[in-house]
Amino acid sequence: MKKAFILFLLCCMTTTFADSLPHFNLSTQTSSQNPWIADLWLPLHDVDRNYVFANFNGAYSPRKYTRSVEGGGIFRRRLSDWWGLGGYAYLSYNRSLLGGDFFTANPGMEYLDEHWHLSWNAYLPLGATRRGRGNTVWADEVGIYQYITFTNHSQYNQKVRMTSSTGVGTDLIVGYRVPSLDNTKISAGIYYFNMPKHPVGFVALIESPTYKRISFNLGFSHDPLTNNSVTLGVKLHLDGMQASRNEDWMSQPVQHNLPQVTQANTIPISSGYRSQGDILLQKDNIWFFDPRGLAYDIQRGLANCTYEHPCSTLYPLVTQDIALTAQTQNFQNQPSLYLRPGTYTSEFLVLFGNQSLLGRSNDYIFPAARDNLPQIVTSELFISGANDNQSNTVATIALRNNGANFSAISISNAQSVYLDQLQIGEFDAVNTHVNYSTGIFILDSQNVYLSNSKIEVNNYLTGDNTSVFGIDADRVNNLVIKNSSIDSLSNNLTQFTMGVGIRANSTITIQNSRFNQTGTGADSKVINILGFDGVSTNLIVDNSVFTADAAGDQSGAAHFVFSANSVIDINRSTFTANTSSAGTNNDTEGFQLVDNTFLTMRNSTVSNTASSSAGTAASTNFFLYDNSRIELINTNLYAEGQSAGVTGSTNITLLDHARASVTGGTLETYMVGGTAAPGVEPSGAVTIWALNDSSTYVTDAHLIARSGNSSTGAVVIQAQDQSQVSINHSRLNSYYEQGNTTEVASTVVIGAGTSHLDVQESLIWVKTLGVMNTNLSVITAIQNSDITVANSVLRAFNLATPTQPETLKTIGASAMDSGTIYLNSSMVYLVGNGVQLSSTTGNGQVIVTN
């Protein structure tokens with residue numbers, strides 16, 4: 001690009017002196033390759049009606065990384081005042097999409113006059129017309145299946161290699177310039193190249209000058225390689241002359257390289273995979289099954305389950321005998337069991353050694369289609385590791401329960417297990433049929449991969465007081481779940497309903513997956529991922545969706561529950577949890593983190609709702625204690641409680657030295673209903689609640705607390721028991737939709753119990769409606785706590801009706817019981833009954849500076 005720019009400057013400086021100086025054009029086209037083309041035209045000789053030119057151009061496609069360079073000489077002779085003939089020869093270099101390099105000679109001849117321009121060109125490859133790149137691969141690995149054949153226990157195929165091809169070609173082009181349209185040129189051409197797909201192509205092009213050095217063109221092209229393409233192009237003429245000038249018709253550009261209308265290459269190049277010609281053994285040790293096949297006969301040995309005579313019986317004795325028989329043969333591959341679509345029944349099933357179980361199409365060539373998977377009706381499929389090199393694959397299979405209460409798949413002591421495109425269990429319309437209560441059980445294993453699969457489990461078969469697991473993991477190192485869905489359902493009295501239960505230290509990755517856990521029975525505990533007490537887990541979650549719903553009395557819903565030094569990293573994911581009941585208490589806890597657990601969440605959303613029409617309902621997004629920590633980055637949280645009892649909702653609750661860091665995002669807490677009772681801490685909405693020497697750091701965030709339709713309060717930040725809170729460059733909003741009853745709840749920021757709060761460059765804003773039964777204070781410090789507010793704005797809009805207008809007040813800062821508030825370089829706006837900047841009682845202090 002630097003060289004092109006220098007050339008452009010030279011042309012602009014010199015071409016204004018004479019028509020015989022170089023012409024330089026730069027153009028581009030809107031096509032799949034979006035080529036950029038630079039063209040340099042050099043007049044060399046103009047004597048006695050003989051003209052000699054040199055022409056160079058280069059093209060590059062930033063989308064396809066194809067390119068070309070060519071140079072040539074042109075000789076033309078004017079045979080009269082109105083017509084002439086010409087001949088030329090070019091040498092071009094082209095690089096294809098797959099990296100093939102081609103050199104081509106391009107001779108041609110032409111007829112020219114003031115309006116018409118007829119050209120004929122030949123394209124003659126110099127050297128090989130086919131270029132291969134990279135190593136050979138099996139044809140089916142790149143989607144070519146016509147070479148596959150089967151015999152006995154073997155699969156044959158051909159190898160292919162990435163190849164670029166071109167060939168000898170020719171074209172014929174006719175152009176016409178329309179003087180009445182400022183020499184707009186209309187061209188049409190046809191070309192043919194002797195190469196794969198034998199493309200006969202057609203191109204039509206209209207190029208019209210518009211303003212000085214700019215011309216636009218509209219093109220249409222068609223050939224078997226690019227199909228139909230319509231292009232728009234622009235050309236910049238950098239030769240100091242207007243594009244519309246009526247130049248000497250003997251110096252107009254050569255007509256050739258028709259494919260360059262849509263691409264960077266000057267010739268068509270076919271890229272693809274080419275067979276290397278030999279039929280080779282691709283895979284052996286294949287055992288074929290068909291529900292309509294023959295019964296397995298141990299006496300027949302290797303004659304069982306051939307392609308010509310597949311087996312119908314799929315029992316543990318069958319898979320065991322296949323393993324023993326295969327060991328006596330000189331097979332190159334580990335045993336694979338190919339299943340045609342249909343239904344196979346077995347009390348239970350076992351894979352021995354490195355056996356794989358694969359659902360296939362009716363011709364065995366393709367993996368089974370998702371809507372036509374082979375179905376295995378069994379109580380359990382066992383995969384047990386026997387050595388460090390063992391690897392098993394189960395793919396494109398549907399597993400259905402035969403009535404016994406076991407896991408669909410049980411994996412133990414395994415080294416590498418690949419589970420792909422499985423359907424494990426299924427729900428019916430009312431979920432009252434036989435189904436698995438656990439999808440996959442994993443014990444003492446590593447490298448278990450679940451991809452593109454669906455798990456649907458419930459406890460209808462097992463009844464009350466049993467748990468439902470999508471995956472039950474007991475010591476698994478590197479469990480990877482990708483592009484899968486895990487649905488667990490309980491409609492009985494249940495212990496746990498969960499997506500993944502982790503019983504011992506494990507490492508888990510979840511990507512592009514969906515978890516949906518539902519409990520409709522009483523005392524349901526619905527959890528997406530649970531780490532049992534004392535279990536340390538490393539968990540990575542990316543771009544996934546989690547839902548937990550509990551609808552029974554005394555129910556709870558949560559997303560993640562972890563303890564014991566667990567580390568959790570979450571990115572681009574969505575979490576929704578709901579509990580609802582017409583009876584007694586319900587709780588929704590999004591994330592419960594205990595015992596030095598650390599969670600990082602980026603660019604995600606958490607939304608929790610709890611409701612009870614007769615009892616209490618509390619909603620909490622994060623509950624941390626025992627030195628646990630969270631770091632939230634550009635994450636949005638919403639917690640809502642709808643309660644008839646004494647309760648409250650929070651977004652983040654910190655206990656016992658817990659730590660929270662919030663950067664960006666919106667945290668909103670909403671509490672509807674709830675009552676305050678004598679001697680009981682008032683219910684309400686608290687966005688961040690820090691207790692027992694906990695810490696919170698908030699930067700560039702929006703924190704909201706709302707209270708509606710009750711006597712509950714709305715507090716954005718509440719710190720107590722020697723906790724610390726730091727707020728920077730954030731917004732804190734509190735809404736009281738129906739008033740409140742206690743002074744503790746009537747504030748946006750509250751510090752208690754020798755806590756320390758620091759607010760810098762932030763907006764603190766409160767609005768009240770309804771009936772006002774107590775003083776309203778934007779900031780409250782009590783019990784030896786201290787609050788510093790600097791370079792901030794405090795606003796209160798107290799629109800509530802006071803029950804005692806003569807005594808109730810709207811206060812900016814209230815300090816009580818030896819609490820201290822520092823207002824430094826801040827602004828306070830108060831609207832309401834009894835407005836006053838500050839209030840102090842019980843040795844409280846409010847210190848205002850600047």
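Predicted model: local features only at pLDDT ≥ 70, side-chain atom pairs only at ≥ 80, totals over all residues.

Reader: Okay. How many aromatic pairs are there?

Author: The count comes to 31 aromatic pairs. The rule takes rings of Phe, Tyr and Trp (its six-membered ring) whose centres lie within 6.5 Å; planes under 30 degrees apart count as stacked, over 60 as edge-to-face and the rest as tilted. One of them is Tyr191 with Phe193, an edge-to-face pair at 6.1 Å centre to centre and 75 degrees between the planes. Tyr191 is buried at 4% relative accessibility, and Phe193 is buried too, at 1%.

Reader: And which kind of pair do Tyr418 and Tyr449 form?

Author: Tyr418 and Tyr449 are stacked, with 5.0 Å centre to centre and 5 degrees between the planes. Tyr418 sits in strand β27 (residues 417–420) and Tyr449 in strand β29 (residues 438–451), so the pair ties together parts that are 31 residues apart in sequence. Strands here are DSSP runs of E, at least two residues long, and helices are runs of H or I, at least four, with numbering from the N terminus. Tyr418 is partly exposed, at 34% relative accessibility.

Reader: Which Phe residues do ring pairs link into a cluster?

Author: That cluster holds Phe515, Phe546, Phe560, Phe562, Phe575, Phe591 and Phe622.

Reader: What about charges over rings, where does Arg629 lie?

Author: Arg629 lies over the face of Phe598, 4.3 Å from the ring centre. Arg706 lies over the face of Tyr670, at 3.8 Å from the ring centre. To count, NZ of Lys or CZ of Arg has to be within 6 Å of the ring centre and within 35 degrees of the ring normal.

Reader: Switching topic: how many disulfides does the structure hold?

Author: There is one disulfide, a term for a pair of cysteine sulfur atoms within 2.5 Å. Cys305 and Cys311 form it, with their sulfur atoms 2.1 Å apart.

Reader: Is that link left-handed or right-handed, and are the two cysteines buried or exposed?

Author: The link of Cys305 and Cys311 is left-handed, with -105 degrees about the S-S bond. Both cysteines are buried.

Reader: Nice. How many cavities of 30 Å³ or more turn up?

Author: The count is one cavity of 30 Å³ or more. On a 1 Å grid over the protein atoms alone, a cavity is a set of points where a 1.4 Å probe fits but cannot get out, and lining residues have an atom within 4 Å of a point. Grid points are joined across faces, edges and corners, and the volume is the space filled by probe spheres set on the points. The largest cavity holds about 1,100 Å³ of space.

Reader: What lines the largest cavity?

Author: Its lining has 42 residues, and Leu205, Glu207, Lys235, Pro253 and Val254 lie nearest the centre. Strands that each supply at least two lining residues include β1 (23–29), β2 (36–47) and β15 (227–237). The lining divides into 15 nonpolar, 18 polar and nine charged residues. Here Ala, Val, Leu, Ile, Met, Phe, Trp, Tyr, Cys and Pro count as nonpolar, Asp, Glu, Lys and Arg as charged, and the others, Gly among them, as polar.

Conventions. Residues numbered from 1 in each chain as written. Heavy atoms only, no water. Buried < 20%, exposed > 50% of the residue type's maximum accessible area, 1.4 Å probe, protein only. 1 Å grid on protein atoms, 1.4 Å probe; cavity = no way out; pocket = protein on both sides within 12 Å on 5 of 7 lines; lining within 4 Å.
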